[in-house]
Amino acid sequence: MKRLLLPVLAISVLLALSGCGRRMTDADMQTGSTPLPAGETGGSEHGDFGPPQGEPVHAVLTSPPNVPPATGRHAPAKVIVELEVREVEKEISEGVTYTFWTFGGTVPGSFIRVRQGDTVEFHLKNHPDNKMPHNIDLHGVTGPGGGAASSFAAPGHEAQFTFKALNAGLYVYHCATAPVGMHVANGMYGLILIEPPQGLEPVDREYYVMQGDFYTAGKYREKGHQAFDMEKAIDERPTYVLFNGAEGALTGDKALKAKTNETVRLFVGNGGPNLVSSFHVIGEIFDKVWTEGGSKAQENVQTTLIPSGGAMIAQFHMEVPGTYILVDHSIFRAFNKGALGMIKAEGPDRKDIYSGKEVDSMYVGDRALPNLASVSEATAAAATGNLTKEQQEKAGGALFNGTCSTCHQPDGKGLPGVFPPLAKSDFIAADPKRPIDIVLHGHSGKITVNGQDYDSVMPPMTQLNDDGIANILTFVLNSWGNPGGRISADEVAKARAAPAAPAPAAH
């Protein structure tokens with residue numbers, strides 16, 4: 001994974017030297033030549049390794065999903081990187097907090113961008129409020145431990161070391177203090193880009209995305225503060241698999257932005273500590289993928305593997321407006337553990353390319369909503385004991401649209417012969433509490449609703465927490481001509497704790 005000398009053509013080098021930033025044309029591609037000798041693929045023997053020139057440069061560090069600007073330099077420099085370790089409590093999901101250990105206060109850590117041949121003076125500062133010692137292992141460093149032994153710092157201390165950026169590439173960095181897995185699992189990873197001497201081909205947008213797996217003592221979306229679970233981590237049973245450290249970090253109003261006729265470049269890493277990522281953007285095809293952050297670009301790629309502790313660069317052109325979904329295509333991770341993000345592209349329709357109709361809520365779950373303000377309001381009210389039925393209905397409606405409407409339809413009428421209606425349901429009216437067990441434990445087999453027979457399968461919705469189920473069912477009871485009423489989180493919790501009864505003829 002230690003090579004990335006992008007096949008930028010000689011014409012691009014000339015344009016970069018002249019300050020011109022136009023995109024390469026087809027003619028350029030046909031007449032250009034690589035900047036390396038024939039047969040060479042780059043590497044530490046083919047860089048610009050003269051002494052630093054000019055005054056020292058302070059690296060611009062950015063928080064995800066932002067990427068620092070290109071270095072814009074055509075000679076090696078001395079680059080000073082100052083990175084602070086912070087242990088912070090933040091939301092990992094709606095109403096769920098976790099103590100992250102971070103580089104720069106974010107998960108992933110700050111994006112670092114330097115040039116091949118640079119001499120990097122690295123300062124790692126461990127904030128005095130932290131409780132743990134930390135260090136950093138940069139996969140882009142040539143030297144024992146990637147800098148880990150040289151950067152060890154106790155709380156309130158700063159460590160410094162220097163390295164020469166020998167290999168161009170996109171590299172992971174992470175903490176390597178024992179227990180290493182725990183430090184990485186708590187969010188201590190990020191990316192460093194070492195540009196090739198001629199820089200990268202200009203594009204319109206660049207974004208920083210990094211996947212990680214997290215291990216909490218509580219279940220998925222269980223409310224409150226959650227501690228790290230070492231046993232789950234050792235067994236590789238993550239509670240969450242996330243992009244950029246939180247469920248919803250790249251969805252709704254936090255989605256990545258683009259316009260049609262723009263070229264987008266994604267710098268994507270996988271911090272792990274355990275899982276391999278099958279990275280995919282639903283509705284797009286990667287024009288180019290530099291696998292594992294290396295030199296070789298594959299073209300026309302649908303899904304690409306990113307190993308734990310690895311990275312890749314993907315580049316694609318936006319033709320059609322709409323919302324494009326980023327997922328780990330190990331698909332239960334996307335829809336049941338949180339590995340889901342969005343790119344929203346604006347621009348005129350291209351009916352000649354795509355004439356279909358996009359419906360986010362039917363595809364990506366409750367995270368397709370612009371925000372979950374009503375859910376947050378209900379969660380806060382429940383914590384104080386002041387939750388009203390109206391707040392439950394509003395929150396339940398938001399969750400229903402993202403979780404249940406695919407099968408039961410937004411108007412509650414279901415699909416004839418397949419999914420029974422929830423609207424004006426005599427089945428619900430006969431026992432308004434019965435749906436609790438069905439949502440918790442699922443159902444298969446025949447059922448009769450409003451005089452019609454249905455024979456389908458509903459899986460247990462174990463990804464929903466108690467208050468989420470209570471709010472959805474309260475919304476259903478008070479919608480579409482149903483009898484009204486209210487379901488409490490305590491009722492759901494009691495049903496969850498009870499042994500599952502033999503499946504009734506119900507849905």
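**Note on the predicted model**

1. Setting aside neighbours within four places in sequence, alanine 148 is in contact with Asn135, Ile136, Asp137 and Ala176. This model is predicted. Alanine 148 belongs to helix H3, residues 148–151. Its relative accessibility is 9%, so alanine 148 counts as buried, the cut-off being under 20%. Between the C-alpha atoms of alanine 148 and phenylalanine 161 the separation is 9.8 Å, and the two residues are 13 apart along the chain.

2. Strand E16 covers residues 286–290, and four of these five residues are buried, so the strand is largely enclosed by the rest of the structure. E16 runs antiparallel to strand E17 (residues 297–301), and four bridges join the two. Within this pairing, phenylalanine 286 stands opposite valine 301 of E17. The hairpin of E16 and E17 has six residues between the strands, and glutamate 292 there takes a positive phi near 55 degrees.

3. E16 also pairs with strand E19 (residues 310–317), in the antiparallel sense and over three bridges. Here lysine 288 has glutamine 315 of E19 as its bridge partner.

4. How many salt bridges does a search of the whole structure find? The search gives 15. One of them joins the side chains of glutamate 121 and lysine 78, at 3.0 Å from N to O. Glutamate 121 is in strand E5 (residues 119–126) and lysine 78 in strand E2 (residues 78–93), so this pair ties together parts 43 residues apart in sequence. Glutamate 121 is buried, with 13% relative accessible area, whereas lysine 78 is partly exposed at 30%.

5. The side chains of lysine 125 and glutamate 82 also meet in a salt bridge, at 2.8 Å from N to O. Lysine 125 is in E5 and glutamate 82 in E2, 43 residues apart, and the pair links distant parts of the chain. Lysine 125 is partly exposed at 28%, and glutamate 82 is partly exposed at 39%.

6. Arginine 113 and glutamate 195 form a salt bridge whose closest N and O atoms are 2.6 Å apart. Arginine 113 lies in strand E4 (residues 112–115) and glutamate 195 in strand E9 (residues 189–195), so the pair ties together parts 82 residues apart in sequence. Arginine 113 is buried at 6% relative accessible area, and glutamate 195 is buried at 2%. A network of salt bridges links Arg113, Glu195, Glu206 and Arg265.

7. Isoleucine 331 sits in the loop between strand E20 (322–328) and helix H6 (332–336). Its relative accessible area is 31%, which makes isoleucine 331 partly exposed.

How values were computed. Residues numbered from 1 in each chain as written. Predicted model: local features only at pLDDT ≥ 70, side-chain atom pairs only at ≥ 80, totals over all residues. Heavy atoms only, no water. Buried < 20%, exposed > 50% of the residue type's maximum accessible area, 1.4 Å probe, protein only. Pairing = 2+ DSSP bridges. Contact = heavy atoms within 4.5 Å. Salt bridge = Lys/Arg side-chain N within 4 Å of Asp/Glu carboxyl O.
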